[in-house]
Amino acid sequence: MLEIQGLSLGYGGAAILRGVDLSVAAGQIVSLVGPSGSGKSSILRAVMGLQPALAGTITAGVPRDQIGILFQDDALLPWRSARDNVALGLRARGIDAATRGRTADAFLGKMGLAGLEDRFPGRLSGGQRKRVALAQVMALAPRLILMDEPFGSLDAIVRHRITQDLLVQVEGQGITVLLVTHDLEEALALSDAVYLLSSGPDAHIAAFHAIDLPRPRNLATVRADPRFGPLLARLWADLSAVVA
Ligand SMILES: Nc1ncnc2c1ncn2[C@@H]1O[C@H](COP(=O)(O)OP(=O)(O)OP(=O)(O)O)[C@@H](O)[C@H]1O
Ligand SMILES: [Mg+2]
């Protein structure tokens, strides 16, 4: 579903990362972990065609309009209601206004935001805004979703709930996900594989772990799997080596 080969990216002629190979099979959730500034967001931008590659190739198994992206920063329009923010992407697909509104409300409902459809982003909590952004992405029925630290700023309970809801939807619909996160436990709990990027400049893939924990997963119980602890310890050791 996503194949990145020999990717080098840079700004102003200077490379920030080189020779990155990364692949995500259809229906997999794959995490990309790495120190701040190593180039994780840049890789996602390159996949979306928002940043040119210095070298290498990126091949997606679906056209770009079937790729959803959840940016690191909240990308909601403050002058539009939650409903209109979610409906916005549907308008580009030529769907009529009434259907857009109904679809937006349905997806907001799935995210636990029923009753808040008319609120503007400024009057929603951070977690609610994240859920609106997620509804916006899911409403477009993407086959591949790129997520950049989507839940970084949320408290542990809200984060757990949103992540578990998302996991159910993604597993249920066979959606492919490339997830950027700083959270090794989250990466392990959600993923089929974890790629570790070294620190920049000249970042590269420093480690790869296939995670063969069973699916469907439950975030609350997967941590009790006897394989979870040893896998986490190996990820930590790799990350510590990379940061050192
Ligand atoms: N527009 C830009 N112009 C110049 N340099 C940039 C630009 N955007 C990012 N960089 C640099 O490229 C490197 C990678 O940035 P990127 O945002 O991809 O890192 P990241 O891994 O996503 O970090 P974080 O975990 O902090 O989000 C950083 O050193 C950053 O300073
Ligand atoms: Mg980033």
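## Leu88 and its surroundings

Leu88 counts as partly exposed, because 16 C-beta neighbours lie inside 10 Å, a count that falls between the 20 or more required of a buried residue and the 12 or fewer of an exposed one. This description, like those that follow, rests on a predicted model.

Leu88 has its place in helix α2, which covers residues 82–91. Between the C-alpha atoms of Leu88 and Gln51 there is a separation of 24 Å, the two residues being 37 residues apart along the chain.

## The shell around ligand 1

The residues that surround ligand 1 are Tyr11, Ile16, Gly34, Ser36, Gly37, Ser38, Gly39, Lys40, Ser41, Ser42, Gln72 and Gly200. Sorted by class, this shell around ligand 1 holds nine polar residues, two nonpolar residues and one charged residue.

Helix α1, made up of residues 40–47, gives the most to the shell around ligand 1, with three residues.

## Helices α4 and α5

Helix α4 (residues 126–139) and helix α5 (residues 156–173) have axes that come within 11 Å of each other and cross at roughly 10°. Since angles under 35 degrees count as roughly parallel, α4 is therefore roughly parallel to α5.

On the α4 side of the contact stand Gly127, Lys130, Arg131, Leu134 and Met138, and these meet Val158, Ile162, Leu166 and Gln169 in α5. Taken by class, the residues of the contact of α4 with α5 comprise five nonpolar, two polar and two charged.

Terms used. Residues are numbered from 1 along each chain as its sequence is written. Chains are lettered from A and ligands numbered from 1 in the order in which they are written. This is a predicted model: local features need pLDDT of at least 70, side-chain atom pairs count only at pLDDT 80 or more; totals for chains, interfaces and linings use all residues. A residue is near a molecule or strand if its C-beta atom, placed from the backbone, lies within 6 Å of it. Helices (H or I, at least four residues) and strands (E, at least two) are DSSP runs, numbered from the N terminus. Ala, Val, Leu, Ile, Met, Phe, Trp, Tyr, Cys and Pro count as nonpolar, Asp, Glu, Lys and Arg as charged, and the others, Gly among them, as polar. Axes are lines fitted to C-alpha atoms, for helices over the stretch in contact, and angles run from 0 to 180 degrees between N-to-C directions. Angles under 35 degrees count as roughly parallel, over 145 as roughly antiparallel, 65 to 115 as roughly perpendicular and the rest as oblique. Two residues are in contact if their C-beta atoms, placed from the backbone, lie within 7 Å.
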